[in-house]
Amino acid sequence: MVNIGNSWDEILKDRFASPEYLALREFLKDEYRRYTVYPGMYDIFNAFKYTPYEQVKAVILGQDPYHGEGQAHGLAFSVREGVEIPPSLRNIFKELHDETGAPIPESGCLDRWAKQGVLLLNSVLTVRAGMAGSHRNKGWEQITDAAIAALNAREKPVVFLLWGAFAKEKLPLITNRRHLVLQAPHPSPLSAFYGFFGCGHFAKCNEFLVSNGETPIEW
């Protein structure tokens, strides 16, 4: 069964033992056998592996993994080293630069964020090549919603960055007033000019963390 290797194993154990997850597991076995599926099987849970529950400072929520060859590696919005930076991530980097003056990175690999406490969580953790949304409503949402709910229950404050309508659907899971919720349109080229650019989320996130005695993220 699943072995993330940190505190998420205990937090999500009931979900991983549920009939819904067992059905998802059988579905995935068939998908990986018959089709090209992203990310690779050993990268599916990288968001949880890189950022243990107690180390989470911020959550950036995505939909499902990139469905192009060699892109997805288990972290929302992130691509592997050496892969061309996708348009949404380019817009994320542009907003970050405009807010903080930080140089725009040459690499789209965001593991440096994940290792600092940014949970880069897609709602759905797998996808068939070339078919966006192909693994939605197969059982992943129960796992990732449980993770969000567990973070909501935590006393230590968390910043939730919800970009786009899909991410905002998770608002009912975030009821704890000690957390900070930041909302903006999706960074996609189709919507970034309608409020993602200029949202100030990276600076606001760090201001909140510092005000709660946490070290800021080095974006």
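## Exercises on a predicted chain

Residues are numbered from 1 along each chain as its sequence is written, and side-chain values use heavy atoms, with hydrogens and water left out.

**Exercise 1.** Find out which residues touch the most other members of the largest nonpolar core.

*Solution.* Step one is the term: a nonpolar core is a set of buried Ala, Val, Leu, Ile, Met, Phe, Trp, Tyr and Cys residues joined through side-chain atoms within 4.5 Å. Buried means under 20% relative accessible area, exposed over 50%, and partly exposed in between, using a 1.4 Å probe and protein chains only. Step two: the core has 67 residues, and Trp-8, Phe-48, Trp-113 and Trp-140 touch the most other members. Helix α7, residues 140–152, gives the most to this core, with six residues. As background, nonpolar side chains in soluble globular proteins tend to be buried together.

**Exercise 2.** Work out whether Ser-88 and Tyr-194 are buried or exposed.

*Solution.* Take Ser-88 first. You'll find Ser-88 in helix α5 (residues 87–100); helices are DSSP runs of H or I with at least four residues, strands are runs of E with at least two, and both are numbered from the N terminus. The relative accessible area of Ser-88 is 14%, so Ser-88 is buried. Not counting residues up to four places away in sequence, Ser-88 touches Phe-77, His-186, Pro-187, Ser-188 and Pro-189.

Now Tyr-194, which sits in the loop between β6 (180–184) and α9 (201–211). Its relative accessibility is 67%, so Tyr-194 counts as exposed. Tyr-194 is ten residues from Ala-184 in sequence, and their C-alpha atoms are 8.7 Å apart in space.

**Exercise 3.** Describe the whole chain: how many helices and strands are there, and how compact is it?

*Solution.* Count first: the chain has nine helices and six strands. Next, the radius of gyration is 17 Å, close to the 17 Å from the globule rule for 219 residues, so the chain is as compact as a globular protein of that length. That radius is taken over C-alpha atoms, and the rule is 2.2 Å times the number of residues to the power 0.38. Finally, 53% of the 219 residues count as buried.

Conventions
Predicted model: local features only at pLDDT ≥ 70, side-chain atom pairs only at ≥ 80, totals over all residues. Contact = heavy atoms within 4.5 Å.
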